[in-house]
Amino acid sequence: MRGGLEKPSPPNARLFSSPRQGLSPPPDSRGSVDAALHAYEKLAERFGPQHWWPAESRFEVIVGALLMQQTTWRNVATAIANLKRAGLLSPTRIANASIPELRRHLRIAGLYRSKPQRLKRFCQRLMDFGGDLDGFFRRDVRLVREDLLAQEGVGPETADSILLYASDTPTFLVDAYTVRIARRLGWIATDTYEEVKAWFEARLPRDLRLYREYHALLVAHGKEICRPRPRCAVCPLNDTCAYYRTGRP
Ligand code: SF4
């Protein structure tokens, strides 16, 4: 998620199940597929099923994604619990709530001036669809992504978080962990979001559960092993890593 390297780590299997059965690479990019899938297999073996995103509903995923900037998942979870306790966790309720009331509940998530405004505006946009998430998402995916990106405070990472985890859209989600790991492995030489995303999407089967799980595994890897000071000696990917071989980032 944008704005920090804190991600929800405790898994919740209620929304998502485990991927990796019956996957086959796209026939036109088989050579490169091997590296990306090889890494996936190794990470899955090392970290096990991740089952993101921890949330009880699709709307909760959206609220979490919108609140994640520059804070920790723990604070976001508390803010969501506040909204829930106050009976505000729905598009209609948030769209109709006053900013001071939203601020009271969301203060812990930081950016207390902008986040309540953004959340309210987003919910007002959902109200153009009667507050119906199916209606919002039941459009061409490019249109939905553009719509998300047009919302204040929503960048590509937040938009793809929402698409991937709240609307069942297989779109590869890139974050700072993804970039760090992929650069060190020698897969990419860019930090540009759309280029990194395109690299993965060109090399992986377009599979929702794979994309969800891969993102979560990269976060786990980035937090535990491929840290700013990487623990290469215990890394399951060190047999193919450019950084490990050359010592150069
Ligand atoms: S070998 Fe080191 S640099 Fe390469 S992916 Fe593993 S931890 Fe990161």
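Predicted model: local features only at pLDDT ≥ 70, side-chain atom pairs only at ≥ 80, totals over all residues.
**Exercise 1.** Describe the shell around the ligand: which residues come nearest, and which elements contribute to it?

*Solution.* Start with the shell itself, which holds 14 residues. Of these, Cys226, Pro230, Cys232, Cys235 and Cys241 come nearest to the ligand. Next, look for elements that give two or more residues: these are helix 10 (176-185) and helix 13 (242-246). Helix 10 supplies the largest share, with 3 residues. Finally, sort the shell by class: 11 residues are nonpolar, 1 is polar and 2 are charged.

**Exercise 2.** Work out how helix 2 and helix 6 pack against each other.

*Solution.* Two packed helices are described by the angle between their axes and the distance between the axes. Here the axes of helix 2 (residues 58-67) and helix 6 (residues 114-127) come within 10 Å and cross at roughly 145°. The handedness of this crossing is right-handed. Now list the partners: helix 2 brings Val63, Leu66 and Leu67, while helix 6 answers with Lys115, Arg118, Leu119 and Phe122. By class, that contact has 5 nonpolar and 2 charged residues, with no polar ones.

**Exercise 3.** Summarise the fold of the protein chain: how many helices and strands does the chain have, and what share of its residues is buried?

*Solution.* Count the elements to get 13 helices and 0 strands. Then turn to burial: 36% of the 249 residues are buried.

Methods
Residues numbered from 1 in each chain as written. Near = placed C-beta within 6 Å. Helix = DSSP H or I, 4+ residues; strand = E, 2+ residues; numbered from the N terminus. Nonpolar A, V, L, I, M, F, W, Y, C, P; charged D, E, K, R; others polar. Axes fitted to C-alpha atoms, helices over the stretch in contact; angles between N-to-C directions. Left-handed = near helix turned anticlockwise from the far one by under 90°. Contact = placed C-beta atoms within 7 Å. Buried ≥ 20, exposed ≤ 12 C-beta atoms within 10 Å, placed from the backbone.
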